[in-house]
Amino acid sequence: MTEARGQAPAVARTRAELAAALRGGTTRAVVMTMGALHAGHLSLVREARARAGQVVVTIFVNPLQFAPAEDLDRYPRDLPGDLAALTGPDLLGAGDVVFAPEPGEMYPDGDPAVRVSAGPVGTVYEGATRPGHLDGVLTVVLKLLHLTDPDVALFGRKDVQQLAAVRGMVRDLDVPVEVVGVPTVRDADGLALSSRNAYLSAAEREQALSLSRALEAGRATAARGGGPDEVRAATRAVLDGAGVGTDYVALVDDLTFADVHAPTDGPAVLAVAATVGSTRLIDNTDVRWDR
């Protein structure tokens, strides 16, 4: 795991180049990204590095998960910068792979006729706001799992509904891979790292801090014995006070994403989505009740 880490990883742009770069005889981990890498992505890569002898990072802005009115065209793309960020002693080096295909390589016949359905988790919250989004995510995730053939796949818990959907797909379709959720990385002020944070003005960034503050208010309410409705109300009150455009406040089971209506023995997920200026942001935290 420590050999030649000062050297750059292989860069594969085609399926054939990827297949040629995959090594046998060692564990393999994959981290799937859309590029515009930040410290949150790199935390996934470091965790992958600790778990596997070969790490594959995919960089692909997947058109299937963007609705027509969303920001596909303006989504930041900087492959040279991403490659520089990924190369380092505890990140990628010789023997590792960056797979950065063009859409025509991933979808050679255009939009695929056969897609993966996220099922019920794809119809609520993120799925309700962005119809078809999680179907598009799971379709590309399954394709990338087939192409990279990993032992373990790592996903950030910031996109917690996506993580739940991937876990459900892997379980229901018997995909032979371990799915690991990695904790959200935050700036010192509490803002969850996101490629979309680059769209925020200074004033909007200050307003965006209401998401993490709202989650803390909800978590504190549960710790004091407040029920699910009180947790949701405390969370929403902070968002409303900040004047952001709240999309949803969800308190759900972390596997099924079904709404939680009573305190549970295990953790529930408190998730929020809000629009700050013209930028839509999401965040979440675990909520526990002392019982």
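**Exercise 1.** At what angle do helix α6 (residues 133–148) and helix α7 (residues 160–172) pack, and how far apart are their axes?

*Solution.* In this predicted model, the two helices α6 and α7 pack at an angle of about 55°, and their axes lie 10 Å apart. Angles from 65 to 115 degrees count as roughly perpendicular and those under 35 as roughly parallel, and α6 and α7 are therefore oblique to each other. The crossing in which α6 passes α7 is right-handed. On the α6 side the contact is made by Leu134, Val137, Leu138, Val141, Leu142 and Leu145, while α7 contributes Gln161, Gln162, Ala165, Val166, Met169 and Val170. Sorted by class, this contact of α6 with α7 holds 10 nonpolar residues, two polar ones and no charged ones.

**Exercise 2.** Determine whether the residues of strand β2 (residues 28–33) are buried or exposed, and find the strand to which β2 is joined.

*Solution.* Begin with the directions: Arg28, Val30 and Met32 point one way from β2, whereas Ala29, Val31 and Thr33 point the other way, and all are buried. Six of the six residues of β2 are thus buried, so the strand is largely enclosed by the rest of the structure. Next, six bridges join β2 to strand β3 (residues 54–59), and the two strands run parallel.

**Exercise 3.** Describe the surroundings of Thr58.

*Solution.* Thr58 belongs to strand β3. Its relative accessible area is 1%, and because buried means under 20%, Thr58 counts as buried. Leaving aside residues up to four places away in sequence, Thr58 touches Val30, Val31, Met32, Thr33, Phe99, Leu144 and Thr148.

Technical notes
Residues are numbered from 1 along each chain as its sequence is written. This is a predicted model: local features need pLDDT of at least 70, side-chain atom pairs count only at pLDDT 80 or more; totals for chains, interfaces and linings use all residues. Side-chain values use heavy atoms; hydrogens and water are left out. Axes are lines fitted to C-alpha atoms, for helices over the stretch in contact, and angles run from 0 to 180 degrees between N-to-C directions. Helices (H or I, at least four residues) and strands (E, at least two) are DSSP runs, numbered from the N terminus. Angles under 35 degrees count as roughly parallel, over 145 as roughly antiparallel, 65 to 115 as roughly perpendicular and the rest as oblique. A crossing is left-handed if the near helix is turned anticlockwise from the far one by less than a right angle, and right-handed if clockwise. Contact means heavy atoms within 4.5 Å. Ala, Val, Leu, Ile, Met, Phe, Trp, Tyr, Cys and Pro count as nonpolar, Asp, Glu, Lys and Arg as charged, and the others, Gly among them, as polar. Buried means under 20% relative accessible area, exposed over 50%, partly exposed in between (1.4 Å probe, protein chains only). Two strands pair if DSSP finds at least two bridges between them.
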